[in-house]
Amino acid sequence: MPSLYTALTAGEFATNASVYGTNTNSFVLEHNSVVEIVLNNQDPGKHPFHLHGHAFQTILRGEDESGDFDPESVANGSVVYPTKPMRRDVILVRPNGHLVMRFRADNPGVWLFHCHIEWHVDSGLIMTFVEVCFVSLLSCLIPPSLSSTLRPNQVTHLLFVH
Amino acid sequence: MFVVPQSALMNETQGLQIPVQPGKTYFLRIVNMAAFAAQYFWIDGHTFRIIEVDGVYHEPTEASLLYITAAQRYGVLLTTMNETDTNFAIMGSMDQDLFDQIPDGLNPNVTSYLVYDESLPMPEAAELEEFEPFDDMELVPTDGEELYPDPDLVVQLDVVMDNLGDGAVCAEISLHSLRFD
């Protein structure tokens, strides 16, 4: 069941991340909230990460082998964030490095955040941001040609198992 | 094992000729539409000004070598020479660090041509001793949008690629979050 259709049909449950199933790695975002993504690449590979629906402010990128992001480095002033950060929607995270990005959840919808290497998407390097603003979502209709392929019983099953 | 591309292409071919006039400024839109491989991009004998990344305009910044991951886009202004007696190579070169194994005979490069004069010969592929690409973190957006205030929600993803028992590759993601109300 595509997460977008769940968001449109789950009513009051749409803001409960578990309704989207655990494999979607979903987070529900409040409209207009500021969201910070800290990405720790604990892998020796380079990964180009892509966010749908937004261009994020790219605030910090750690060098090769810089390890996990250390919030202490910001608190003690050894790392200073740029006042006018670069913005884009695909960014490279270095081997065993980290990235810090911020965006504002001002675009209602269901947005993926994933590594843009096709084989890594297949392997599951992907998560979902569900931005809810009910007024906008209710005005969105599922085309009849697609709604006929939905199986509502599966959605119900997911709701009550949790 | 992940598949390694058999060749690098520009505009779905190799040896593309782009005719230009001297002393003019061209807006090049560069899109890496690969499923996987990142490419280094440079134009022999020329620098260019980066004005846009992924659809967001930034203050013009001069560069001579780009590293473009799959799915990234760059918009650059290229000002051609006022006079020259040669054509120049436009190079793309796949980042072989990404390849687990490099197949014998793989040519990671694609050469196109900046053509000032069609009657002159097309140049050889340009070589670089080492790759020191432009760091896109240096760019400043033209709209001057300031750093967002402290976040309401921090989502932390720890990612690693692993191999399952049957050899299949699987991504492992640990997701943590902190909400500030």
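**Figure 1. Asn96(A), a partly exposed residue with a relative accessibility of 21%.** Buried would require under 20% relative accessible area, so Asn96(A) at 21% counts as partly exposed. The structure shown is a predicted model. In chain A, Asn96(A) sits in the loop that runs between strand E6 (90-93) and strand E7 (98-104). Its phi is near 50 degrees, a positive value in a residue other than glycine. Most residues other than glycine have a negative phi.

**Figure 2. Glu12(B), an exposed residue of chain B.** Glu12(B) belongs to the segment before strand E1 (17-19) of chain B. The relative accessible area of Glu12(B) is 68%. Exposed means over 50%, so Glu12(B) is placed in that class. Phi of Glu12(B) is near 65 degrees, which is again a positive value in a residue other than glycine. Across chain B the average pLDDT is 93, and 98% of the residues score at least 70.

**Figure 3. The largest pocket, with about 830 Å³ of space.** The lining of this pocket consists of 32 residues. Nearest the centre of the pocket lie Leu9(B), Met10(B), Asn11(B), Val31(B) and Gln39(B). Three strands of chain B, namely E2 (25-31), E3 (39-43) and E8 (88-94), each contribute at least two residues to the lining. By residue class, the lining holds 25 nonpolar, five polar and two charged residues. For the complex as a whole, the predictor gives an ipTM of 0.91 and a pTM of 0.89.

Technical notes
Residues are numbered from 1 along each chain as its sequence is written. Chains are lettered from A and ligands numbered from 1 in the order in which they are written. This is a predicted model: local features need pLDDT of at least 70, side-chain atom pairs count only at pLDDT 80 or more; totals for chains, interfaces and linings use all residues. Side-chain values use heavy atoms; hydrogens and water are left out. pLDDT is the predictor's confidence in each residue, from 0 to 100. Helices (H or I, at least four residues) and strands (E, at least two) are DSSP runs, numbered from the N terminus. Buried means under 20% relative accessible area, exposed over 50%, partly exposed in between (1.4 Å probe, protein chains only). On a 1 Å grid over the protein atoms alone, a cavity is a set of points where a 1.4 Å probe fits but cannot get out, and a pocket is an open set with protein on both sides within 12 Å along at least five of seven lines; lining residues have an atom within 4 Å of a point. Grid points are joined across faces, edges and corners, and a volume is the space filled by probe spheres set on the points. Ala, Val, Leu, Ile, Met, Phe, Trp, Tyr, Cys and Pro count as nonpolar, Asp, Glu, Lys and Arg as charged, and the others, Gly among them, as polar.
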